[in-house]
Amino acid sequence: MTEPKIVDTKPVVLELEPGDYWWCSCGQSANQPYCDGAHKGTGLAPVKVTIEETKQVAFCQCKHTKSAPFCDGSHASL
């Protein structure tokens, strides 16, 4: 698998506390937008994001963003 599974064509907006998060890049995780290990064997890997202070983020759900893990509007061209 080299193409990720499209989970949604809009981002998921979340308020995150400081810490490390692993964003699912393959679209196979049952715990979207976070990795649950379902990428094994896909050739795709999760993306680590470190949040320094509480803030709102828009995680990409189409998995085609050029600024992973954040939405860049790529879903508009799918």
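Ser-74 touches Cys-62, His-64, Thr-65 and Lys-66, not counting residues up to four places away in sequence; contact means heavy atoms within 4.5 Å. The structure is a predicted model, in which local features need pLDDT of at least 70 and side-chain atom pairs count only at pLDDT 80 or more, while totals for chains, interfaces and linings use all residues. Residues are numbered from 1 along each chain as its sequence is written, and side-chain values use heavy atoms, with hydrogens and water left out. The chain has zero helices and four strands, where helices (H or I, at least four residues) and strands (E, at least two) are DSSP runs numbered from the N terminus.

**Overall form**

- From the N terminus on, the order of elements is β-β-β-β.
- The chain is as compact as a globular protein of its length, because its radius of gyration of 12 Å is close to the 12 Å that the globule rule gives for 78 residues. The radius is taken over C-alpha atoms, and the rule is 2.2 Å times the number of residues to the power 0.38.
- The C-alpha trace spans about 35 × 30 × 20 Å along its principal axes.
- The accessible surface comes to about 4,600 Å², and 51% of it belongs to carbon and sulfur atoms; areas come from the Shrake-Rupley method with a 1.4 Å probe, and for residues only the protein chains shown count as cover.
- Of the 78 residues, 31% are buried. Buried means under 20% relative accessible area, exposed over 50%, and partly exposed in between (1.4 Å probe, protein chains only).
- Among contacts between residues at least 6 apart in sequence, 58% join residues at least 24 apart.

**Nonpolar core**

- The largest nonpolar core has nine residues: Leu-16, Tyr-21, Trp-23, Val-49, Ile-51, Val-57, Phe-59, Cys-60 and Cys-62. Such a core is a set of buried Ala, Val, Leu, Ile, Met, Phe, Trp, Tyr and Cys residues joined through side-chain atoms within 4.5 Å.
- Two or more residues of this core come from each of β2 (19-23), β3 (47-51) and β4.
- Leaving aside neighbours within four places in sequence, the contacts of Phe-59 include Leu-16, Trp-23 and Val-49, as well as Pro-33, Tyr-34, Pro-69 and Phe-70.

**Aromatic pairs**

- The chain has three aromatic pairs. Rings of Phe, Tyr and Trp (its six-membered ring) pair if their centres lie within 6.5 Å; planes under 30 degrees apart count as stacked, over 60 as edge-to-face and the rest as tilted.
- Tyr-34 and Phe-59 are edge-to-face, at 6.1 Å centre to centre with 80° between the planes. This pair links distant parts of the chain, 25 residues apart: Tyr-34 is in the loop between β2 and β3, and Phe-59 is in strand β4.
- Phe-59 is buried, because its relative accessible area is 1%. The rings of Phe-59 and Phe-70 are stacked because their centres are 5.9 Å apart and their planes are at 5°.
- Phe-59 lies in strand β4 and Phe-70 in the segment after β4, so this pair ties together parts 11 residues apart in sequence.
- Phe-70 counts as partly exposed because its relative accessibility is 28%.
- Tyr-21, Tyr-34, Phe-59 and Phe-70 form one aromatic cluster.

**Segment after β4**

- Ser-74 is in the segment after β4 (55-59) and counts as buried because its relative accessibility is 15%.
- The side chain of Ser-74 makes a polar contact with the side chain of Asp-72 at 2.6 Å. A polar contact is a pair of N or O atoms within 3.5 Å; within protein, one must be able to donate a hydrogen and the other to accept it, and residues adjacent in sequence count only if both atoms are side-chain atoms.
- His-64 is also in this segment, and its side chain reaches the backbone oxygen of Cys-62 at 2.8 Å.
- Leaving aside neighbours within four places in sequence, His-64 is in contact with Glu-3, Pro-4, Ile-6, Ser-74 and Leu-78.

**Backbone exceptions**

- Most residues other than glycine have a negative phi, and most peptide bonds are trans.
- Lys-63 is not a glycine, yet has a positive phi of about 70°; it is found in the segment after β4 and counts as buried because its relative accessibility is 7%.
- The peptide bond from Gln-32 to Pro-33 is cis, with omega near 5°, and Pro-33 is in the loop between β2 and β3.
- The peptide bond from Ala-68 to Pro-69 is cis, with omega near 10°, and Pro-69 is in the segment after β4.
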